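Subject: Model for your files

Dear colleague,

Here is the model I said I would pass on. Please look it over before reading my notes below.

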Amino acid sequence: MKTYNYFPGCSCSGGTARAYHRSILAVAAALDLTLREVPDWNCCGSSPYSSYDEMGMVALSARNLALVEAGGLDLVTPCSSCFVTLNWANIVLQKKLKKHESVKPVIDEILAAVDLKYDGGVAVRHILDVMVNDIEPGRLAACVSTPLRGLRAAPYYGCQVVRPDTGLDHPENPLNLDRLLDGLGAEVADFSHKTACCGSSLLLSREDPGLELVKAILESAQAEGARCLVTVCPLCQSNLDLYQSKVNRRYGTHFNLPVLFFTQLMGIALGLDPRDLGLDACLVPATEILSAYIKEQHGK
Amino acid sequence: MPETNRSAAFIDEMINFPSLRKIRLCMQCGTCTGSCPVAQHMEHTPAQLIAMVRADLREEVLGSPALWQCVSCYKCSERCPRGIKVADIIYALKRLSLRSGQASRRTPTPELYRQFVNNVYRHGRVSEFGLMAAYYLKTRPFKAWRALPLAWRLWVHGRSGSGRSGLSPQGRRQVQVLLDRARSLKRT
């Protein structure tokens, strides 16, 4: 039984990625991982705050880290952007590099104003890292009751789970998710755009460049015969799912690629109740490609 | 005629950011530009922006709409043969740009970021729907209705948020105190 501080982030917390949140909790329970939501956590600020006030961004992260330091447990987040932001703030506050040494005293003073303090004792991790590295070898395979045989899935990492490089996987040709999907019995469709950018928040303000990026990813996955994409980030899932019909209208394409969170597929393979996996949240419906596995596990 | 040392000014400002000390090492190889997924949409590419910084074109750089195209994919930083954190340079330029009131008005992205920042300050967490509503009404009030079909589909699929609690009032106050203090440092 392993326990973690769980930082859902704004998208997973009742936002567009509730399916990710639900499937993570379901899968974690099935694999004996206890996720304790960080009490009263605040937004990490992500790219917009980093584009406005660097100290403010570090302070936002520092509050979250300070709230959980006492327990000595790792902080795990499903959002790649929250991961990059919290991890970077943590690296600075842990004074891993000499050039950042001047930041911590400033943040200490800011935190003291709200009776908090943080001394660098928390490790910040992404949920993919935990699922890949913290489950004993063979355990996941042993728990798979419905192998995803015949499901050709494209592992889409996006950018921020692999860059900046944390040493956990290759920054441009990673394989952790590929291996995890293989372990679930799926056919892995390795494709050229596995770490190409989904467009991030650009889709919200400048749609046209963003749609090009989404199209390129879908095209690349389709070219490898993928029947679905598998993501690790709420924003990636949103962009590839919500804008797929718009890409089809704009470019005359006919993509019909469900975009699933990796924990949703884990849940199916582990034989969990599909109602706990948020499958109905997909705008590009996933029911058709998953029905065979769901039927199998419920003996229908 | 005295040789002006103007070219030192902007770059010195940049070097004050600990992550950006290597900016002087740029050899204009163009790897960052070649790696950037949105470079073709940028008025000034990443390599050009660095060259402009070194040429002390402060106003042109801070007013460039190109800054706001950056999607933080970090390919530039990972691939730079000189180890320059190009993505961090873009972030620093965005901060300088926003804080000095020079953010380009030719792109709506700065306004999205401003709304996001306001949302974080007011609530401590971001409600995606609240954010998008505020952003659309501010930047394209007469076209905001175009977002309704997608908003509807999201609502039908249970992805429109709320229902979960936000921060406690004490937590929200803490966040505001932290952010006020950070801003009062006047550090970018």
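Predicted model: local features only at pLDDT ≥ 70, side-chain atom pairs only at ≥ 80, totals over all residues.

Residues are numbered from 1 along each chain as its sequence is written, chains are lettered from A and ligands numbered from 1 in the order in which they are written, and side-chain values use heavy atoms, with hydrogens and water left out.

First sheet, chain A

In chain A, 4 strands make an open parallel sheet with the order β2-β1-β3-β4. Strands (E, at least two residues) and helices (H or I, at least four residues) are DSSP runs, numbered from the N terminus, and two strands pair if DSSP finds at least two bridges between them. β2 (33–37) and β4 (124–126) of chain A each have a single partner strand and stand at the edges, so one side of each has no neighbour in the sheet. From one strand to the next, the twist averages 40 degrees.

Strand β1 (residues 2–6) of chain A runs parallel to β3 (residues 75–77) of chain A and is joined to it by 2 bridges. Helix α2 (residues 18–30) of chain A lies across β1, β2 and β4 of chain A, at about 140 degrees to β2(A). For such angles, axes are lines fitted to C-alpha atoms, for helices over the stretch in contact, and the angles run from 0 to 180 degrees between N-to-C directions.

Contact here means heavy atoms within 4.5 Å.

Helix α15 (residues 287–297) of chain A has the buried residues Ile289(A), Leu290(A), Tyr293(A), Ile294(A) and Gln297(A). Because they cover an arc of only 120 degrees around the axis, they are on the same side of α15(A). Buried means under 20% relative accessible area, exposed over 50% and partly exposed in between (1.4 Å probe, protein chains only); the arc is that of the directions from the helix axis to the C-beta atoms. Exposed residues Thr287(A) and Glu288(A) are on the face of α15(A) turned away from its buried side. The cover over the buried residues of α15(A) includes β7 (228–231), β8 (259–261) and α14 (262–269) of chain A.

Helix α12 (residues 234–242) of chain A has 8 of its 9 residues buried, so it is largely enclosed by the rest of the structure. Among the buried residues of α12(A) are Pro234(A), Cys236(A) and Asp241(A).

Chain B

Chain B has 10 helices and 0 strands. Its C-alpha trace spans about 65 × 35 × 30 Å along the principal axes. Of the 188 residues in chain B, 49% are buried.

Helix α10 (residues 169–184) of chain B has 16 residues and reaches 22 Å from its first C-alpha to its last, close to the 22 Å expected at 1.5 Å a residue; the expected span is 1.5 Å times one less than the number of residues. Its buried residues are Gly171(B), Gln174(B), Val175(B), Leu178(B), Leu179(B) and Ala182(B). They cover an arc of only 125 degrees around the axis, which puts them on the same side of α10(B). The face turned away from the buried side of α10(B) carries the exposed Pro169(B), Gln170(B), Arg173(B) and Ser184(B). Against the buried residues of α10(B) pack α3 (46–50), α4 (54–68) and α6 (103–112) of chain A, together with α7 (109–123) of chain B. Just after α10(B), Lys186(B) takes a positive phi of about 55 degrees.

Asn119(B) lies in helix α7 of chain B and counts as buried at 4% relative accessibility. Leaving aside residues up to four places away in sequence, Asn119(B) touches Gly124(B), Arg125(B), Val126(B), Ser127(B), Gly130(B) and Leu131(B).

Regards
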